[in-house]
Amino acid sequence: MTDAPLLTPVLGSLHALQVPIPYPMKTVTVLVDVPAHGPVTMIDTALDTPEARAAIEDGLTALGLHWVDIERVIITHHHPDHYGLAGVVEERSGAAVHMLDVEIGRGERYWHLWEEWLPGHLKHMRDHGLPRDSLAEMGADNRRGRDRVHPASRVQPLREGQDVTLAGSAWEVLWLPGHADGHLGLWNEHDSMLIAGDAILPRISPNVGLYAYTRPDPLGDYLQTLGKLEALNPRRAVVGHHGPVMEGVQARARELRAHHHERLDFVKAEADQAPRSAYDLSLAMFPRDLNTSGRRFALAETLAHAEHLRLLGQLYRTWDEAREVWIYHA
C-alpha cells in the first residue's frame, strides 16, 4: 500500500483523496462521504489507470471501505480524469451514477459514441487550421484518452436547484458551464462551502475550449459562471486540482475574468493585424512547445476566444477555399 495521507478531512464525514493522474496537474480530487446515515458517496472517480485504482483502494481502506460499499457516485463533469472509473465503480458496487442533466446528453454521450464522433471531432480541428500531418497524431492522442474512460452503463440526471444530502447537510446542485457544458457544482450555504470540480482552480486557469460537440460559446458560459462564483463568495471550495481545498474564490474569479479579457484583447489585436486561422492564432497565444494534447487544448481555447469575439460582432469569419480553413479577421 502507498502512504495514505493523501486523504484530507473536508467537512464532517466528507473526505478528499488526491489520486495520481499522468497529466501536468499530477493529481485529481476524489471525494468520499461516509455518513452515519445515508448513502456512501463518491464524487468524481479519477482516470481508469492501475495507479488511480490502487490509490482509490488505499483511500477506501483507510476509511474502512471497499468498492462494494459505494452506493452513489456524483460526477462533476465528463472529462476523463473525473469520469474515467465511473463504470468500474458501478460494476463493482451497483452504485447509482449521477450527472447534471445538461452533461448527460452531450459530454457523457460522447464516450459511448466516441468512434462515430471522432471523425467530426478531427474535422472540426482541421477546419480551424490544424495541419493535416497532425491529424493522425491528434487522433491517437484522443484514443489514449478514450482508453482510460470506463463509462457507466446508466447515468441518472441531477438538475440545477435540486438538493442532495452529503455529510448530513443539504447541498444545492449548481450548473457551472464553461470548462464543460454540463459542469456541476454543489453548494452548502450553511457552511459556505462549494464542491467546485474544475469550475475554478487556484494555480491554473481551467481550460475553456470549443470542440465539435460543445455549446457554441463556452467562454461566454464561463464568464457567467465566474460571475455566479463571485456572487456566491464561498468561504472554501473543494477543487479538482492543486487543492483539495482553496480559499479566496471571489478574488480568484475576478483574476480569471481579467485573464480572459486580456486574452480576448490579444486575439482581437492579432486578427486585426493579419487575418488567420484559430490554429495560427493559437501559435501566437501559446508560443511555447506543446505536446499533442497541449496543442489540442491550446487550439480549442483560442477558438473559444475567437468565437466569443465573433458572436459579439468584434471579429468575422470567412471560409478560405484554397486552404480549406476558417479565417478570422476584422
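Which residues of H4 are buried?

**View 1. Helix H4 and its neighbours.** The buried residues of H4 are Glu-103, Ile-104, Gly-107, Glu-108, Tyr-110 and Trp-111; buried means under 20% relative accessible area, exposed over 50%, partly exposed in between (1.4 Å probe, protein chains only). They pack against elements including helix H2 (80-83), helix H5 (114-127) and helix H6 (135-146), with contact meaning heavy atoms within 4.5 Å. Helices (H or I, at least four residues) and strands (E, at least two) are DSSP runs, numbered from the N terminus.

This is a predicted model: local features need pLDDT of at least 70, side-chain atom pairs pLDDT 80 or more, while totals for chains, interfaces and linings use all residues. Residues are numbered from 1 along each chain as its sequence is written, and side-chain values use heavy atoms, leaving out hydrogens and water.

**View 2. The open sheet.** Six strands are ordered S8-S9-S10-S11-S12-S13, with mixed pairing. Strands pair if DSSP finds at least two bridges between them. S8 (163-166) and S13 (245-246) are the edge strands. S11 and S12 run parallel, joined by four bridges. Gly-197 has Val-239 in S12 as its bridge partner.

**View 3. Salt bridge between Glu-57 and Arg-92.** The N to O distance is 3.6 Å; a salt bridge puts a side-chain nitrogen of Lys or Arg within 4 Å of a carboxyl oxygen of Asp or Glu. Glu-57 sits in helix H1 and Arg-92 in helix H3, 35 residues apart.

**View 4. Salt bridge between Arg-143 and Glu-115.** The closest N and O atoms are 3.1 Å apart. Arg-143 lies in H6 and Glu-115 in H5, so the pair ties together parts 28 residues apart in sequence.
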